[in-house]
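Student: I would like to learn how to read the features of a model like this one. Could we take them one at a time?

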Amino acid sequence: MKTIRIANGQGFWGDSLDAPIEQVRRGPIDYLTLDYLAEITMSIMQKQRARDPRQGYARDFVAMIEEILPDLVERQVKVVANAGGVNPEACRDAVIEVARRKGFGGRVAVGIVAGDDILDRLDDFIARGVELKNLDTGEPLAEIRPQVASANVYFGGRPVAECLDQGGQIVICGRVTDTGLSLGPMIHEFKWPADAFDLLAAGTIAGHTIECGAQCTGGNCLIDWQTIPDMADIGYPIIEAREDGTFVITKHEGTGGRINVASIKEQLLYEMGNPHAYITPDCVADFTTIQLEQAGRDRVRFSGIKGRTATDSYKVSISYSAGWKAVGSLVYAWPDAYLKAQAADRVLRERLARMGLQFDSMLTEFVGVDACHGPLSGAPPSDIAEVTLRIGVRSQDKRAVERFTREIAPLVLNGPPTVTGFAGGRPKVEEIIAYWPALIPKDEVEPRISVIKA
Amino acid sequence: MAKVQLVKLAHARSGDKGDTANVGLIAYQPEYYGLLAEQVTAARVKAHFAGICHGEVERYELPNLGALNFLLHHSLDGGGTLSLKTDAQGKTYSTALLRMEIEVDEQLARELNGEGVTD
C-alpha cells in the first residue's frame, strides 16, 4: 500500500531554527510541513505590510528555504508552510528570487494558497449581516471594529491539496489550519474524496499529533521525563501515512526523544476541546475512536479513526487592539522573603491607588510560592530562600500603565529590604493584541490558488 | 480504603483555548481508568481549582485512551495576550490536577507507594 512520510519541522513561530533542516537531511521524508503562525502573528504581519508592501510574511521561512533548497530539490521533498502571513504573494516572490539566485531557476514550482485575508471585506460583511460574533462571548464584531488589526479565515487541507495537484513543490499558505498542512499532502497523494470523512479525520488527527513539533516526541512530556534520551538532539515527528487512513508517528533514526503510546496520548489531549467533535474545514474528527499500538521502537500506530461531515462554516481568526499592559518583578531574599514580597506588594498598591490610576486588572503573583498552582500550592516553607514578586497591570489608559512601570524600581530603595533583580530596568509597556474567534459561512470566501515556476 | 494523589495513578497535559484551559488526565494503567472516571468528576475538579477556575468545568471521557479531558472555563485571566498570569496558557494546570487525592483500596495504595497513603 502506498505510504508517504510527512514531517513537521516547526511547531510555532519561534521554534528551533535547525529542526526543519534536520528533518530534511537526517532521513527520508516526502513532505516538510511548517507552522509559523500564532494567533497574534497576523496582526504583527499586517503592521509590517502597512510599512512595506513587500513584507508581512515569515521571513525566517525564506532564510530556511535558502539553506535547504539544494536538499529539497535533490531529495524531491515538498514543503507546505503557513509562512505566507498576510502577504503570501510577497513570500512566494522572495522564495522564487532565492531559487533563481541559487541556480534552481526553472526547477522549482512555488504555489500559494491565499484568499484567507478578509480584513478589507469586514465592513461589507457587517453591512450584509454577517456579524462575526465572538465565539466565546457572543458579541458582534461591530463592537470592536475600529480596533481590528487582522482577520483571516482558516482554510483546511483541501486547498493545500489543490495547490499540490497543480504542481506546487513549495506551497506557501496564508492561514491554513495546522492540521491542514499535513492533511493536504494526504488528500493530494491518496486522492481522498471530500466525503471520505473517516480518512479525512485520520489525516486530521495525524496532523494534530505532529503540529506542535517535538511535543509528541518527548518534549514537554511528563511521563518518565527524566529518562527521555538525548533531549538536546530531540527528533521532530514524522507521519508515515497510508492510503487506508492508518498511520504511524515516528522520527528519524539516531535522533533523541521518545515516541510511545503514553507520550502520544499526552499530545493528543493537548488543547483538546470536545473530543467527539474536533471541527476542521474538512471534517469533524472523533478522538474517542482512535486506537493506538506500539509498532516498534519510537513508532506508534494509529487505526480505527472515524469522522463526520464538515460544518458549513470556516473559523475566522481576528486580532484587535485591546489596551495596554506591563509586568514588573523584583526578587526578595531570606529571611522572611515571602513576607517582604507581600509587604512590597501592599506598598506598591497603596502608592498606585493614591495616584488615582485606573486599571482594568492588576495581578500579583509570588513566583516560587504559588504563581503556577495558586491556592493548591500550599504554604511555602517559612525559611524559603527567595521569592519573586511579579505584578502586572492592564488598562485602556496607556499613561496609567506607563506610570506603573516607573514605580517598580524605586521599591528597591524605598520599600522592604534585601531586594534585587531590577537590573533589566523599567518594565516594557506592551500593546495588547487580543484574539477574536468567529465563524463565517463557507460560501462567503474562496481559497485563491496559484503556482509559478521559479 | 486509602487516599492517594492522582500523580501516582495518572499523567497529564494541559493547554489553552482563549480563557479556557484544558487538562487531559491519562491513566498510567488501563485498570486505573475506572477509578479516575468514577471519582474525578467535573464537580470535584471545579472544587479542586477553587480560586483558579471561575467558570464551569466540563468533562469528556476517552476510554480508548484511558483518559479524561476537562475544560476549565474562565481560568486564565482573560487568556492569551490579555492575561497577566505567568501561566497564561494554563500549561502547568496538568500537574495542579495531579495534586488531587482519590480513594483506592489498601492493597493498591501500598503498591502505588506507601508514602502516598494518608489513611
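Predicted model: local features only at pLDDT ≥ 70, side-chain atom pairs only at ≥ 80, totals over all residues.

Student: Where in chain A does A:Pro335 lie?

Tutor: A:Pro335 lies in the loop between strand 14 (313–333) and helix 10 (337–355) of chain A.

Student: Which kind of peptide bond, cis or trans, joins A:Trp334 and A:Pro335?

Tutor: The general idea is that most residues other than glycine have a negative phi, and most peptide bonds are trans. The bond that joins A:Trp334 and A:Pro335 is cis, with omega about -5°.

Student: What is the phi of A:Asp224?

Tutor: A:Asp224 is not a glycine, yet its phi is positive, about 55°. A:Asp224 is found in the loop between helix 8 and strand 7 (238–242) of chain A. In chain B, B:Asp77 also is not a glycine and has a positive phi, about 50°. B:Asp77 sits in the loop between strand 5 and helix 3 of chain B.

Student: How should I read the faces of strand 6 of chain A?

Tutor: In a regular strand the side chains alternate between the two faces of the sheet. For strand 6 (residues 170–173) of chain A, both faces are covered. A:Ile170 and A:Ile172 on one side are buried, and so are A:Val171 and A:Cys173 on the other.

Student: Which strands pair with strand 6 of chain A?

Tutor: Two strands pair if DSSP finds at least two bridges between them. Strand 3 (residues 78–81) of chain A pairs with strand 6 of chain A in the parallel sense over three bridges, and A:Ile172 is the bridge partner of A:Ala81. Strand 4 (residues 109–114) of chain A also pairs with strand 6 of chain A in the parallel sense, over four bridges. There, A:Cys173 is the bridge partner of A:Val113.

Student: What is the order of the open sheet of three strands in chain A?

Tutor: The order is 9-10-13, with antiparallel pairing. Strand 9 (278–279) and strand 13 (306–308) of chain A are the edge strands, each pairing on one side only. Strand 10 (residues 284–286) of chain A is joined to strand 13 of chain A by three bridges, and A:Val284 has A:Arg308 as its bridge partner.

Student: Which helix packs on the sheet?

Tutor: Two residues are in contact if their C-beta atoms, placed from the backbone, lie within 7 Å. Helix 8 (residues 197–210) of chain A packs on the sheet and touches strand 9, strand 10 and strand 13 of chain A. For directions, axes are lines fitted to C-alpha atoms, for helices over the stretch in contact, and angles run from 0 to 180 degrees between N-to-C directions. The direction of helix 8 of chain A makes about 110° with that of strand 13 of chain A.

Student: How many residues of chain B are in contact with chain A?

Tutor: 33 residues of chain B are in contact with 42 residues of chain A. Strand 2 of chain B gives the most to the side of chain B that touches chain A, with six residues. The residues on that side of chain B divide into twelve nonpolar, 13 polar and eight charged. Here Ala, Val, Leu, Ile, Met, Phe, Trp, Tyr, Cys and Pro count as nonpolar, Asp, Glu, Lys and Arg as charged, and the others, Gly among them, as polar.

Student: What are the elements of chain B?

Tutor: Chain B has four helices and six strands, which run β-β-β-α-α-β-β-α-β-α from the N terminus on.

Notes:
Residues numbered from 1 in each chain as written. Chains lettered and ligands numbered in written order. Helix = DSSP H or I, 4+ residues; strand = E, 2+ residues; numbered from the N terminus. Buried ≥ 20, exposed ≤ 12 C-beta atoms within 10 Å, placed from the backbone.
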